[in-house]
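Me: I am new to this structure. Could you show it to me, and then take my questions as they come?

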Amino acid sequence: MGSKNEELGGTLQTVSRAVAVLRCFDEGAASLTLAELTARVGLNKVTIYRLAETLVAEGLLNKDARTGVYSISYGLISIGRALLDPSGLITRAQPILQAARDASGETAVINLREGREAVVVSEIHSPQPVRYSLGLGFRADLRAGAAGWAILSQVPEREVDDILAAQPVELADGRAMAPDDIRAELAQVRNRGFATTEGQRVADASGYASAFRGPDGAVMGSIAVIMPSSRNRGADRKSLYADTVKQAALELGAILGSGRSVA
């Protein structure tokens with residue numbers, strides 16, 4: 001009889017393989033045959049068949065009854081909605097995000113912290129013809145960019161030390177900031193209540209962001225406005241962007257139950 005560790009290892013392997021099957025469809029394929037799935041995953045046909053049929057039974061894949069071809073099911077949407085809208089955050093935050101977009105005239109973004117990254121969970125595009133868009137699910141290292149710095153500035157010092165001790169992140173121009181330089185920037189972010197960067201992750205792109213807290217009082221994410229650097233000019237514009245994200249973070253923190261901003 002196998003040990004509990006062996007049983008757990010087998011379970012984890014099965015989950016990993018099922019995820020591999022699902023990821024076959026993120027390569028642009030609308031539908032795949034069993035043979036195509038087998039070739040992409042690299043396992044034997046019997047194993048892939050069992051995994052695919054289980055995913056069909058769970059409502060995560062569809063199977064054409066006539067051709068036997070598999071495709072992604074809308075059942076994944078319910079899982080994604082729960083993940084991307086924790087505690088109804090996105091639904092409740094939409095008016096705030098819309099107001100930030102309207103006030104700034106630039107793309108407004110909500111990022112949630114996930115480990116050492118900031119993940120885009122909601123985005124409203126700028127109405128201007130030249131604009132920046134990151135896309136839902138976009139992940140950014142907390143050590144670079146306004147959205148990440150806003151979050152990192154509110155993380156406990158021990159966690160910051162651990163995050164900064166990792167392999168340096170390369171910026172858009174090929175440089176890598178030293179940990180002490182990032183710490184100095186984070187101190188300024190804490191003092192003024194917002195982060196701003198230019199050309200760090202994307203050349204010729206600028207951003208402003210302010211962090212917000214969740215119901216437990218811990219930093220949850222940041223709200224940002226992003227724009228071409230050519231529009232990040234002049235004291236009035238810069239002040240507008242900064243005020244916009246600080247106000248949005250304050251309002252977002254309030255509706256999430258923390259009742260305060262992180263400024």
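**Helix α3**

Reply: On the face of α3 turned away from its buried side sit the exposed residues Arg50 and Ala57. Here buried means under 20% relative accessible area, exposed over 50%, and partly exposed in between, with a 1.4 Å probe and protein chains only. Helices (H or I, at least four residues) and strands (E, at least two) are DSSP runs, numbered from the N terminus. The model is predicted: local features need pLDDT of at least 70, side-chain atom pairs count only at pLDDT 80 or more, and totals for chains, interfaces and linings use all residues. Residues are numbered from 1 along each chain as its sequence is written, and side-chain values use heavy atoms, with hydrogens and water left out.

Me: Which residues in α3 are buried?
Reply: They are Thr47, Ile48, Leu51, Ala52 and Leu55.

Me: What follows α3?
Reply: Gly59 does, with a positive phi near 80°.

Me: Changing topic, how many bridges join β6 to β7?
Reply: There are 4, and the two strands run antiparallel. Two strands pair if DSSP finds at least two bridges between them.

Me: And what stands opposite Thr196 in β7?
Reply: Tyr208 does. Thr196 belongs to the uncovered face of β6 with Glu198, whereas Ala195 and Thr197 form the covered face.

Me: Which residue in that hairpin takes a positive phi?
Reply: Gly199 does, near 70°, in a hairpin with 6 residues between the strands.
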